[in-house]
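Subject: Structure handover

Hello,

Here is the structure we talked about. Please open it first, then read my notes below.

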Amino acid sequence: MDELIRILSYFVGIAAFLGLNLAYLGWVERKGAGHIQRRNGPKEVGPYGLLQPLADGLKLMSKQLIVPDNADRILYMAAPVLCMVASVILFVAIPWGENLVPREFDFGLLMIFSVASAAGLSILMGGWASGNKYSLIAGTRAVSQSVAYEVPMLITAITIVMISGSMNLNEIVRQQAGGFWHWNFLAFNKSIFMPISFLVFFTCSMAETNRAPFDLGEAESELVAGYITEYGGMGFGLFMMAEYANLMIGCSLTTILFLGGWQCPFGIFPGPHWFLIKMYFLIWCFVWIRWTYPRTTLWGLLNLSWKYLIPFSLVNLLVTALFIKVF
Amino acid sequence: MSTLLGQSQLQETFELNIGPQHPATHGVLRLKVTMDGEYIVKAEPVLGYIHRMHEKMGENRTWNKFWPNLGRLDYLSAIAYNHGYAGLVERAAGIEVPERAEYIRVITVELNRIQSHLLWFGAFVLDLGGFTPLMYAFDEREQILDLLESVTGSRLTYCYFRFGGVYNDIDDDFITGTRAFIKRFRPQIPMYHDLVTGNVILMERLVDIGHVSSEMCRKYGATGPVLRGSGVNFDIRKNEPYSVYPEFDFDVPVYTECDSMARYMVRMKEMEQSLRIIEQALDKIPDGPYIAEKVPKMIKPVKGDYHFAVEAARGTFSMRTVSDGTNQSYRMRLRSPTYSNLSLFEEASRGMLLADALAFMGSLDLVIPEMDR
């Protein structure tokens with residue numbers, strides 16, 4: 001019975017938290033973009049445009065679902081749902097606080113990486129099933145992109161696993177207890193390259209979530225809107241929300257692996273608030289980068305991964321192994 | 001699965017139709033692209049979606065009634081087109097232009113050129129996926145539009161020049177406003193360079209991409225920043241001086257790299273040079289009439305063949321007319337720069353990646369209504 005209540009309360013809690021975040025991260029992005037671009041951003045609907053996400057949601061939901069003639073009906077409808085479901089499932093493994101975790105997995109990190117690859121699949125599905133050449137190109141791009149970036153991301157995660165000796169996300173955070181000098185991104189005693197590998201992981205999570213400057217899947221000046229060209233109404237809405245959900249997962253994972261999760265920088269009052277502060281700060285960095293940088297090309301993106309990030313992560317892996325053996 | 005996708009799987013190449021409605025074409029240009037994966041085998045521009053027969057219109061209405069058409073060719077640097085037509089008819093009918101009018105013409109044309117380059121800058125970086133510079137450029141552009149609105153009465157499709165001068169004199173407000181704008185805009189250009197030019201991703205997308213040699217420019221008749229980005233020092237303002245341009249001290253920026261970056265830098269430098277010209281013109285502007293007093297209402301040029309060229313924001317705009325001595329033109333010909341600039345796209349884009357080709361097209365600075373006329 002306790003278990004049932006626990007499952008139900010986490011289900012409701014995560015659904016509410018996620019719903020609020022997915023709606024309002026869109027607002028944060030638009031407001032942030034507005035201020036970066038010397039304009040106001042949304043401001044008409046409600047104070048500071050705070051009701052804008054509701055208005056957008058209503059509009060998207062009231063739109064007719066149009067399936068293009070060329071499209072493969074079932075896959076076309078399934079793709080946004082798969083994208084959303086895969087991102088929501090991931091939240092089950094995220095430890096927000098010491099005891100605030102929906103389900104403590106021994107292989108939490110592995111679970112996150114394996115379920116997260118469904119996002120790439122759903123983009124390919126949506127792109128292919130739309131029956132539009134722009135969407136198809138975008139889908140193939142998204143796949144080569146996620147293949148290229150999952151490799152350095154995984155290798156970097158493996159170095160963390162080697163340091164912690166565990167794939168349990170709670171355990172990884174627990175080992176970073178104390179001040180910020182105990183956090184993994186400053187763990188010079190484990191490997192001298194830790195700050196750089198933090199940046200590698202951050203960059204990879206940016207590429208994994210298809211965010212600018214790596215948003216080749218929806219490059220609007222080349223591919224109109226990429227894989228979402230043929231989607232309208234809530235199909236589009238689900239893809240957008242899944243993008244923000246993936247953004248949250250990427251930032252949470254960076255927080256857990258490198259920034260000490262719920263740990264306080266000064267070693268006092270650790271708790272979920274520190275987790276949220278770190279996660280939102282990283283999300284804000286994503287927004288900031290998106291509205292400052294132009295987009296790379298597919299070749300530039302693949303070159304960055306295969307020529308720089310992957311060799312570097314491999315070197316880092318070896319150095320970490322050496323450090324663990326020697327010290 | 002659809003036949004559309006089924007076919008493309010069997011073929012080595014497939015056709016992609018970009019436009020007439022597409023975010024990258026900035027208008028109704030259509031590209032029929034044969035692609036091999038992400039590489040372009042052949043990109044064929046298809047024109048004519050906004051053809052309005054401007055040349056024919058010039059032949060069946062009086063000289064004066066053709067004025068409004070000039071604002072609707074290149075809607076981004078319309079005043080330079082006004083200048084081309086004014087120069088043509090003044091040369092044909094032998095009308096003397098007061099010096100003050102020529103100064104006003106130069107000031108407005110150069111302001112319009114900065115405005116056009118600013119919009120290009122924003123839209124070009126937007127093509128590359130950076131949205132923010134567009135907003136910054138529009139901020140500055142807005143001030144130029146306000147200034148021009150106060151003297152010309154319109155903000156986009158200017159019809160400001162008249163035979164023998166301009167429609168409206170500039171006042172002290174305009175002069176102080178322009179000086180204030182120059183003061184404000186000068187430090188903005190280094191900021192644009194900080195924000196955009198030095199960016200790693202931008203360099204990767206522009207340097208050594210979109211090679212246009214000077215031979216190719218000659219072959220297709222490309223002019224303007226495209227030609228100057230290929231290392232050819234050619235600017236009508238210097239090479240065939242018209243109006244009062246010989247009285248100003250300005251440089252023609254030339255880059256020899258022949259890539260998209262060179263064309264980008266040419267335009268950025270041209271904005272600085274235009275500021276220099278405006279500053280000098282504001283200092284030197286003489287008093288006097290702003291329009292010649294004895295311009296006949298009904299203009300009837302002597303029989304003959306006339307030609308006049310100006311340097312518009314996108315390159316050489318030249319007009320040629322054959323007059324048969326009546327109050328209408330017998331034959332009117334407009335030579336617009338981006339038509340020639342686009343012509344080289346097909347040859348230069350072969351073997352490029354789709355993303356690079358669209359960035360390259362952005363660096364040509366196309367305005368479709370001017371191409372179709």
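B:Ser243 sits in the loop between helix 12 (236-239) and helix 13 (260-284) of chain B. Helices here are DSSP runs of H or I with at least four residues, strands are E runs of at least two, and both are numbered from the N terminus. The phi of B:Ser243 is near 55 degrees, a positive value in a residue other than glycine. Most residues other than glycine have a negative phi. B:Ser243 counts as partly exposed because 18 other C-beta atoms lie within 10 Å. The cut-offs: 20 or more other C-beta atoms within 10 Å of a residue's own make it buried, 12 or fewer make it exposed, and anything in between is partly exposed, with C-beta atoms placed from the backbone.

The loop between helix 12 and helix 13 of chain B also holds B:Cys258. Its phi is near 65 degrees, again positive in a residue other than glycine. B:Cys258 is buried, because it has 21 C-beta neighbours inside 10 Å.

A word on the source. This is a predicted model, in which local features need pLDDT of at least 70 and side-chain atom pairs count only at pLDDT 80 or more, while totals for chains, interfaces and linings use all residues. Residues are numbered from 1 along each chain as its sequence is written, and chains are lettered from A and ligands numbered from 1 in the order in which they are written.

Chain B as a whole

Chain B has 17 helices and eight strands. Its radius of gyration is 21 Å, close to the 21 Å that the globule rule gives for 373 residues, so chain B is as compact as a globular protein of that length. That radius is taken over C-alpha atoms, and the rule is 2.2 Å times the number of residues to the power 0.38. The C-alpha trace spans about 70 × 50 × 35 Å along its principal axes. Of the 373 residues in chain B, 49% are buried.

B:His22 lies in the loop between strand 1 and strand 2 (30-36) of chain B. It is buried, because 21 C-beta neighbours fall inside 10 Å. From B:His22 to B:Ile285 is 263 residues along the chain, and their C-alpha atoms are separated by 45 Å.

Where the chains meet

Chain B gives 31 residues to the contact and chain A gives 26. Contact means C-beta atoms, placed from the backbone, within 7 Å. Elements giving two or more residues on the chain B side include helix 5 (99-127) and helix 6 (132-152). By class, that side has 19 nonpolar, six polar and six charged residues. Ala, Val, Leu, Ile, Met, Phe, Trp, Tyr, Cys and Pro count as nonpolar, Asp, Glu, Lys and Arg as charged, and the others, Gly among them, as polar.

Inside chain A

Chain A is assigned domain 1 (1-62) and domain 2 (73-326). The bounds come from an automatic or database domain assignment. The domain centres, taken over C-alpha atoms, are 21 Å apart. In the contact between them, 15 residues of domain 1 meet 15 residues of domain 2. Helix 1 (2-36) and helix 2 (52-61) of chain A each give two or more residues to the domain 1 side. Helix 1 has the largest share, with 12 residues.

Leaving aside neighbours within four places in sequence, A:Cys83 is in contact with residues including A:Ala119, A:Leu238 and A:Phe239.

Best wishes

Notes
Contact = placed C-beta atoms within 7 Å.
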